[in-house]
Amino acid sequence: ENQHFGGSSGINAEYGGIRIIINHTQPRSIRFTLCLGDLMAQMIVIPRDYSHGTYTRFDETFPAELEGKVTQEEFRRTISSINLIFAQAEVLDFTSFMEGCLGCLTFYTFLFCYEDRYKKKVKELNQLILNENERVYRNKGLEILNPIENGLLKIDIISHQLSI
């Protein structure tokens, strides 16, 4: 039974002195905790939001694990900004149509000398996450990881802390 998370709804395993705890009591978020001695890193998962179809969009519901660490407004502003970047990157308009046609005509070799909208938006996302981590999250012991690194399936937020 996992007393740390309030019941037996989690998975608690230990491998060579490293304790891994997976909590799935929240319907919209999953929490992973990695313990190594006095150090503990908790991963809070923000899942994709498929309520608007298959567009790249992440759930803006405030996870209970962030309560007292960041405000709901800071969290929603960050996730909304990430969602806006993907909405702009995935717009189907004349420009994206022409980029696709030009790509087909040149066997995509034109991308060696041209940066398409999606690549520009990926750079914008990288900069946004860097700025948000520096401005809001790092000084509170948190770090947002880029969702591109896990195939746009989720946003991971790592909470660094000392275990008591």
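Helices of at least four residues and strands of at least two are taken here as DSSP runs, numbered from the N terminus. By that count, the protein chain of this predicted model has 3 helices and 6 strands. Their order from the N terminus is β-β-β-β-α-α-α-β-β. Of the chain's 164 residues, 36% count as buried. Among contacts between residues at least 6 apart in sequence, 44% join residues at least 24 apart.

Two of the helices pack against one another. The axes of helix 1 and helix 3 come within 9 Å and cross at roughly 170 degrees. Angles over 145 degrees count as roughly antiparallel, so helix 1 is roughly antiparallel to helix 3. On the helix 1 side, the residues in contact include F75, I82 and F86; on the helix 3 side, they include L125, V136 and Y137.

The largest nonpolar core has 21 residues. Those touching the most other members are L66, V70, F75, I82, Y137, I155 and I157. Two or more core residues come from each of strand 4 (39-47), helix 1 (72-89), helix 3 (117-137), strand 5 (142-144) and strand 6 (154-162). Leaving aside residues up to four places away in sequence, V70 touches F62, F75, V136, Y137, K140 and L142. In soluble globular proteins, nonpolar side chains tend to be buried together.

A charged residue is also buried. E99 lies in helix 2 (residues 94-105) and is buried, yet has no salt bridge. The nearest side chain of opposite charge, R117, is 5.1 Å away, and a salt bridge requires a side-chain nitrogen within 4 Å of a carboxyl oxygen. Beyond four places in sequence, E99 touches F110, Y114, D116 and R117.

Conventions
Residues numbered from 1 in each chain as written. Predicted model: local features only at pLDDT ≥ 70, side-chain atom pairs only at ≥ 80, totals over all residues. Heavy atoms only, no water. Core = buried A, V, L, I, M, F, W, Y, C linked by side-chain atoms within 4.5 Å. Buried < 20%, exposed > 50% of the residue type's maximum accessible area, 1.4 Å probe, protein only. Contact = heavy atoms within 4.5 Å. Lys, Arg positive; Asp, Glu negative; His and termini not counted. Axes fitted to C-alpha atoms, helices over the stretch in contact; angles between N-to-C directions. Parallel < 35°, antiparallel > 145°, perpendicular 65-115°, else oblique.
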